[in-house]
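I opened the model to look up a few things and wrote them down as I went. The entries follow in the order in which I made them.

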Amino acid sequence: MGVRADFDIAWEIATNTRYFQKLRFGPTGDRYPHPTEKPFLDDKGQPTDAGIHAMRPNPRWFQQRVDVAVRAAYDADLIADLILCGPDTADSRSTLRSKEADVQAWLKYIAARYGSYPNVWLCLCNEYDIKSLKYTSAEIVRFGQILKGYLPYPTPLSVHASPYPDGNKRDPKVKNPPAWSVELDRSPPWNDHQILQRKLRTIASAVDII
């Protein structure tokens, strides 16, 4: 991307459209949290990166940062794939770790705020089964069913797992282990697509998989 002296979210999003059709990002503080602006408010009303307070979103953060990114992506015909839990820090990965009612409040908030954008996709968690904090497949299914119940439109919804779910990496006899856990396939169904993580290094191997 180009370089600007000032930070402009809408400009950053628009510049990404030169190279990408979809941009994945978290509405939380993520690996490099902002030093002063925070996505949530703690029980004393102070800004915080800790996702266990996701039931109290900071309006300033969402109005001036996430809303701007999602709207700019919409204007540029760019998919905004929101990672609701994670990807990389304990704070950002704790949005699904609090009490059930609080998790539901977070998922409901996201559905209400972004569920009407036709360019928004939702990813419950990034590498939910290998990074700390970890989540079980049963938890992911429950969260997915809750979130789907709040979505007013068929917003694309899934979760990002490790490249080798269900322990298949430990079995040398399995040449191409599935990149999607069957434990996530439950009734009523909650996801409309599968996210498969398998980094392919050559065009030939990519063609074989496709």
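Entry 1, helix α4. I listed the buried residues of α4 and got S137, E139, I140, V141, F143, G144, I146 and L147; buried here means under 20% relative accessible area, exposed over 50%, and partly exposed in between, with a 1.4 Å probe and protein chains only. The model is a predicted one, so I kept to its limits: local features need pLDDT of at least 70, side-chain atom pairs count only at pLDDT 80 or more, and totals for chains, interfaces and linings use all residues. Residues are numbered from 1 along each chain as its sequence is written, and side-chain values use heavy atoms, with hydrogens and water left out.

I then checked what lies against these residues. The buried residues of α4 pack against α3 (100–114), β5 (120–123) and β6 (157–158). Helices (H or I, at least four residues) and strands (E, at least two) are DSSP runs, numbered from the N terminus.

Not counting residues up to four places away in sequence, I140 touches L124, C125, Y128, Y135, V159, L184 and W190, where contact means heavy atoms within 4.5 Å.

Of its 43 residues, W106, L107, L122, L124, I140, L147 and V159 touch the most other members. At least two residues of this core come from each of α1 (9–16), β1 (22–25), α2, β4 (79–83), α3, β5 and α4. The largest share, seven residues, is supplied by α2.

I found N126 in the loop between β5 and α4. Its relative accessible area is 7%, so N126 is buried. The side chain of N126 makes a polar contact of 3.3 Å with the side chain of R24 and another, of 3.5 Å, with that of H160. A polar contact is a pair of N or O atoms within 3.5 Å; within protein, one must be able to donate a hydrogen and the other to accept it, and residues adjacent in sequence count only if both atoms are side-chain atoms.

I placed N58 in the loop between β3 (47–48) and α2 (59–75). N58 counts as buried because its relative accessibility is 9%. Its side chain reaches the backbone oxygen of K38 at 2.9 Å. Beyond its neighbours within four places in sequence, N58 is in contact with K38, P39, F40, L41 and P47.

I searched for disulfides, pairs of cysteine sulfur atoms within 2.5 Å, and the structure holds zero. For C85, the nearest cysteine sulfur is that of C125, 3.6 Å away. C85 is buried because its relative accessibility is 0%.

I counted five helices and six strands, in the order α-β-β-β-α-β-α-β-α-β-α from the N terminus. Buried residues make up 43% of the 210 residues.

Key: Core = buried A, V, L, I, M, F, W, Y, C linked by side-chain atoms within 4.5 Å.
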